[in-house]
Amino acid sequence: MILYGRYVSPFVRRVGVWLGLQGRDYEHRPLLVAGDDLETIRAQNPVARVPILVLDDGTRLIETFAICDYLDETAPAGMRLIPASGPARLASMQRMAMGQSTAEKAVALIYENNRRPEEFRWPEWRDRLTMQVRGGLAELDRLAPEDGWSGEGGMDGGDIAAAVAYHFAEYSNPWLLEPGYPRLAALAERAMGIDAYARTKPEA
Ligand SMILES: N[C@@H](CCC(=O)N[C@@H](CS)C(=O)NCC(=O)O)C(=O)O
């Protein structure tokens with residue numbers, strides 16, 4: 001399998017951690033969605049977004065949720081990261097959704113603050129995005145396990161999405177963490193103690 005995209009993307013990082021925790025064999029191609037890399041990315045995904053996971057038979061998968069769903073469906077025995085059914089599955093999926101939503105808003109904030117030409121920036125929109133990211137982080141904090149992980153055997157998909165959202169906020173706009181999210185911060189720190197997670201740390 002080939003994973004396209006840089007781990008600075010919270011979506012690519014989630015897939016990278018998933019692959020690592022499941023012990024999958026894959027090649028990582030850390031291409032940008034801009035500049036010289038753009039045409040290579042477009043050839044794999046016409047919408048020009050990452051992550052893209054290319055399977056060994058050439059099938060191309062896009063969208064983090066759909067990629068993780070495929071990986072879980074085809075997981076080696078005992079390596080599923082989402083419970084198969086019932087309330088535990090719902091809780092895990094909803095924590096993933098909260099992590100995903102939070103990360104999406106944090107990415108939008110980067111576009112608003114760093115990419116948009118200054119004369120076109122819209123302070124009310126930036127304030128709204130900030131409120132949304134902080135709302136998501138507060139909810140992830142509330143839902144974080146006090147100790148250990150939510151999965152039976154370790155990190156589950158919800159833990160991954162929560163830790164990645166926290167680290168992305170820290171990396172992109174550290175002031176977003178000022179209200180303090182102690183349980184989420186502790187979860188993210190525990191995650192860094194796991195090799196499959198730590199080795200997806202974005203390059204400086
Ligand atoms: N919903 C998508 C979001 C993917 C996404 O927005 N990726 C960003 C990288 S952080 C990207 O490729 N942005 C380029 C663009 O949208 O033009 C997913 O979860 O896979």
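Which atom of the ligand is 2.9 Å from an N or O atom in the side chain of Glu 63? In this predicted model, a nitrogen atom of the ligand lies at that distance from Glu 63. Thr 64 places a polar side-chain atom 2.7 Å from a ligand oxygen. The side chain of Gln 100 has an N or O atom 2.8 Å from an oxygen atom of the ligand.

The residues around the ligand include Glu 63, Thr 64 and Gln 100. Ser 9, Phe 11 and Val 33 also belong to this set.

The domain assignment divides the protein into domain 1 (2-73) and domain 2 (86-194). The contact between them draws 11 residues from domain 1 and 18 residues from domain 2. The C-alpha centres of the two domains are 20 Å apart.

Together, domain 1 and domain 2 bury about 1,300 Å². Carbon and sulfur atoms account for 79% of this area. Between the domains, 0 salt bridges are counted. The count of residue pairs in polar contact is 1, with both residues at pLDDT 80 or more.

On the side of domain 1 that touches domain 2, two or more residues come from each of α1 (10-21) and α3 (64-73). α1 gives the most, with 7 residues. By residue class, this side of domain 1 comprises 7 nonpolar, 1 polar and 3 charged residues.

Notes: Residues numbered from 1 in each chain as written. Predicted model: local features only at pLDDT ≥ 70, side-chain atom pairs only at ≥ 80, totals over all residues. Heavy atoms only, no water. Domains from an automatic or database assignment. Contact = heavy atoms within 4.5 Å. Buried area = accessible area lost by both parts, 1.4 Å probe. Salt bridge = Lys/Arg side-chain N within 4 Å of Asp/Glu carboxyl O. Polar contact = N/O pair within 3.5 Å; in protein donor to acceptor, adjacent residues only side chain to side chain. Helix = DSSP H or I, 4+ residues; strand = E, 2+ residues; numbered from the N terminus. Nonpolar A, V, L, I, M, F, W, Y, C, P; charged D, E, K, R; others polar. Near = heavy atom within 4 Å.
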